[in-house]
Amino acid sequence: MWQRILIVLGKEVTDNARDRRSLLTALIYPLMGPLLLGLMISATGKVTVGGDPSGMNLPVAGAEHGQVLVQWLEGRGINVVPPPPEIEKAVQRGDAHVVLVLPPGFDEDFAAGTTANISVVVDSSRLSAVVTINQVATLLGEFNSENWGQRLAERGVDYRSLQPVSLETVKVSTGTQISEIFLLMVPPLFIFNLFMGGAYLAMDTTSGERERGSLEPLLINPVERGVVVAGKFLATLLYTGVAVVVQLIALKIAFGFGGEHAASLSDAFGIMTVLGILLITFPLMAAAVGVQFVIATVTKSFKEAQTYLGLLPLVPAIPGMLLVFAPVHIHGWMMAVPTFSQTLLLGQLLRGETVSMVHVAVSMATTLALTAVLVTFAARLYEREALIFGE
Amino acid sequence: MIDVRALKKTFKSVTALDGINFVARDGEVTGLIGPNGAGKTTALRIIYTVLKPDSGSVYIDDKDVGTERMAVRRRLGVLPDSLGLYPRMTAREHIRYFGRLHGLGDDDLEQRIAGLSDELGMSDFIDRRAKGFSKGQTRKVTLARALVHTPHNLLLDEPTNGLDIASSLAVHNLIRNIRNEGRCVLFCSHIMSEVAKVCDRIVIIAGGRIAGAGTIDELMEQTGKHSLEDLFLALTGERGA
């Protein structure tokens with residue numbers, strides 16, 4: 001029996017390896033998501049770089065009016081540089097992220113103990129400027145509170161009595177980069193690809209074969225229909241597996257784009273994690289192919305199958321997409337829900353959290369059970385007379 | 001030998017076969033002819049195991065089509081109504097695929113493919129991919145595919161449809177050779193001159209029933225007609241076809 005399954009498998013793999021559309025869905029589509037993520041990571045990697053502002057070049061107009069501030073900034077390691085001509089246009093163009101404008105009389109007002117004015121020219125719609133703007137705002141805030149505290153102390157008041165709370169942000173994730181939010185985007189992307197990778201093959205080998213009129217001659221051979229289904233199923237599973245592996249490699253590369261500042265991201269795709277992902281999602285690959293087979297067998301035409309199988313990957317990816325915005329606390333029952341359990345486990349693996357072996361076992365067992373039901377159903381559908389002739 | 005007994009098949013409200021009996025003997029070419037929609041293709045599909053009859057039975061060399069499907073399929077070579085090929089596979093790969101599914105070993109198989117390629121005149125396209133094959137080339141590939149395992153019984157649904165004269169003659173010769181080897185051929189065609197030339201016996205089917213069976217001479221005598229066309233119309237016309 002296995003020999004005949006291998007004959008069908010070999011034929012489908014070779015046949016589809018010659019098909020541009022099958023190769024596209026298995027080899028090229030999986031690269032799209034990682035490519036996009038890579039670009040975003042590389043962009044935000046630059047944005048989030050550097051909490052310490054020292055070494056920053058800060059253009060200051062009218063530096064001669066505010067020597068107190070300039071000296072204080074230079075004391076913090078900031079390079080105060082001359083402003084560009086036409087300050088506002090330069091900021092709009094992005095030549096400078098922030099320009100400080102000190103009006104005449106700044107030093108005099110400061111010395112007099114009154115409020116001295118500063119203009120800060122920024123373009124807050126520019127994402128890349130956000131970090132610099134925050135850094136400058138923090139610096140100016142520090143300058144303010146230092147001098148404010150000093151002035152109060154000179155008047156015999158403890159400034160702390162005017163400050164009921166002191167704010168300090170404690171980060172709880174294992175890493176430190178904002179870009180780790182991208183890890184949350186991986187599970188839905190991964191699941192989408194998993195349901196896409198073999199879709200073309202599933203259609204070509206079932207409804208495609210019927211529409212070409214090659215199914216009837218095939219089924220007259222002395223081969224059980226279960227053998228034909230098994231060969232086609234395994235070929236589709238193989239293409240799905242290729243798509244998944246291609247995407248994992250692409251993700252590993254993409255998560256390296258963050259450079260040293262996002263080291264925790266490229267660590268997220270260590271070899272053990274990748275193996276864990278493959279183990280946890282293998283049953284889901286089989287289930288995905290099972291669903292594809294059932295759909296491609298019950299639909300009446302290739303076009304109809306194409307419509308449904310094109311939409312199919314969105315459905316299992318939805319929970320993962322929602323989890324990006326609203327993470328949930330994991331409960332045992334969730335592991336019995338195929339696709340949802342893999343979404344959660346994948347997230348845990350990528351964040352470097354401890355994954356419960358019981359959860360993995362429940363997830364794999366329930367998904368494999370679903371696969372068995374789907375494959376049996378698909379094989380039953382193959383036994384129907386309507387399979388060959390349509391209805 | 002193909003032995004068809006009291007075969008009935010209904011599709012929803014349409015009765016396709018209403019109890020047909022006939023025998024296609026070894027060493028003979030039996031022509032199965034009838035007007036469009038008479039039930040020929042349904043009968044063939046039941047014989048080659050992809051449809052199940054509502055009642056009645058078919059025996060292929062004493063193997064029951066209902067209960068010994070795999071044994072039946074091994075004894076059958078079928079050129080079915082649907083001639084679909086895989087556009088990205090070569091003619092040779094098509095024949096090889098079916099040969100392997102029939103359990104042929106590699107050496108035997110390659111020899112057999114070379115032989116069929118010669119016999120059917122396929123050498124100039126045997127290693128070309130099927131996309132863009134002419135109707136004649138397609139029919140030759142499907143015919144070679146049906147013959148690859150040297151089946152004892154051959155079911156041919158319009159085997160020369162789309163073939164040029166030379167290729168049709170090659171197919172006729174092939175059919176005669178198979179008959180002369182003592183094998184059984186069941187042949188469906190709409191071309192009466194071809195039926196007259198190739199078939200030893202004919203079975204005429206109309207409205208899901210057998211309208212007549214025997215050698216052409218026997219049927220002419222029975223109907224008092226002097227041509228196959230006339231006797232065909234006389235026999236099928238009785239049933240208003």
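A crossing of two helices is called left-handed if the near helix is turned anticlockwise from the far one by less than a right angle, and right-handed if it is turned clockwise. By that convention α3(B) passes α5(B) in a right-handed crossing. The model is predicted: local features need pLDDT of at least 70, side-chain atom pairs count only at pLDDT 80 or more, and totals for chains, interfaces and linings use all residues. Residues are numbered from 1 along each chain as its sequence is written, while chains are lettered from A and ligands numbered from 1 in the order in which they are written.

The secondary structure of chain A comes to 18 helices and four strands, and chain B has nine helices and 10 strands. Helices (H or I, at least four residues) and strands (E, at least two) are DSSP runs, numbered from the N terminus. Of the 391 residues of chain A, 39% count as buried; for chain B, the figure is 48% of 241 residues. A residue is buried if 20 or more other C-beta atoms lie within 10 Å of its own, exposed if 12 or fewer, and partly exposed in between, with C-beta atoms placed from the backbone.

Contacts describe how each chain folds back on itself. Two residues are in contact if their C-beta atoms, placed from the backbone, lie within 7 Å. Among contacts in chain A between residues at least 6 apart in sequence, 78% join residues at least 24 apart. In chain B, 69% of the contacts between residues at least 6 apart in sequence join residues at least 24 apart.

The C-alpha trace of chain B spans about 50 × 40 × 35 Å along its principal axes. Its radius of gyration is 18 Å, which agrees with the value near 18 Å for a compact globule of 241 residues. That radius is taken over C-alpha atoms, and the globule rule is 2.2 Å times the number of residues to the power 0.38.

Within chain B, the axes of α3(B) and α5(B) come within 8 Å and cross at roughly 25°, which makes α3(B) roughly parallel to α5(B). Here axes are lines fitted to C-alpha atoms, for helices over the stretch in contact, and angles run from 0 to 180 degrees between N-to-C directions. Angles under 35 degrees count as roughly parallel, over 145 as roughly antiparallel, 65 to 115 as roughly perpendicular and the rest as oblique. From α3(B), the residues B:A91, B:H94, B:I95 and B:F98 meet B:V141, B:A144 and B:R145 of α5(B). By class, this contact of α3(B) with α5(B) has five nonpolar residues, one polar and one charged. Ala, Val, Leu, Ile, Met, Phe, Trp, Tyr, Cys and Pro count as nonpolar, Asp, Glu, Lys and Arg as charged, and the others, Gly among them, as polar.

In total, 23 residues of chain B are in contact with 18 residues of chain A. On the side of chain B that touches chain A, two or more residues each come from α2 (69–75), α3 (91–101) and α5 (135–147) of chain B. The largest share, four residues, belongs to α3(B). That side of chain B divides into 13 nonpolar, five polar and five charged residues.

On α7(A) the contact is made by A:L183, A:L184, A:V186, A:P187, A:P188, A:F190 and A:I191, and on α16(A) by A:Q342, A:T343, A:L346, A:G347 and A:L350. Nine of these residues are nonpolar, three are polar and none is charged.

In the second pair, the axes of helix α11 (residues 225–254) and helix α17 (residues 357–383) of chain A come within 9 Å and cross at roughly 130°, which makes α11(A) oblique to α17(A). The crossing of α11(A) and α17(A) is right-handed.

Two residues of chain A have a positive phi although neither is a glycine: A:E86, at about 50°, and A:T339, at about 75°. A:E86 is found in the loop between β2 (79–81) and α4 (87–93) of chain A, and counts as exposed because it has 11 C-beta neighbours inside 10 Å. A:T339 is found in the loop between α15 (314–325) and α16 (340–350) of chain A, and counts as buried because it has 24 such neighbours.
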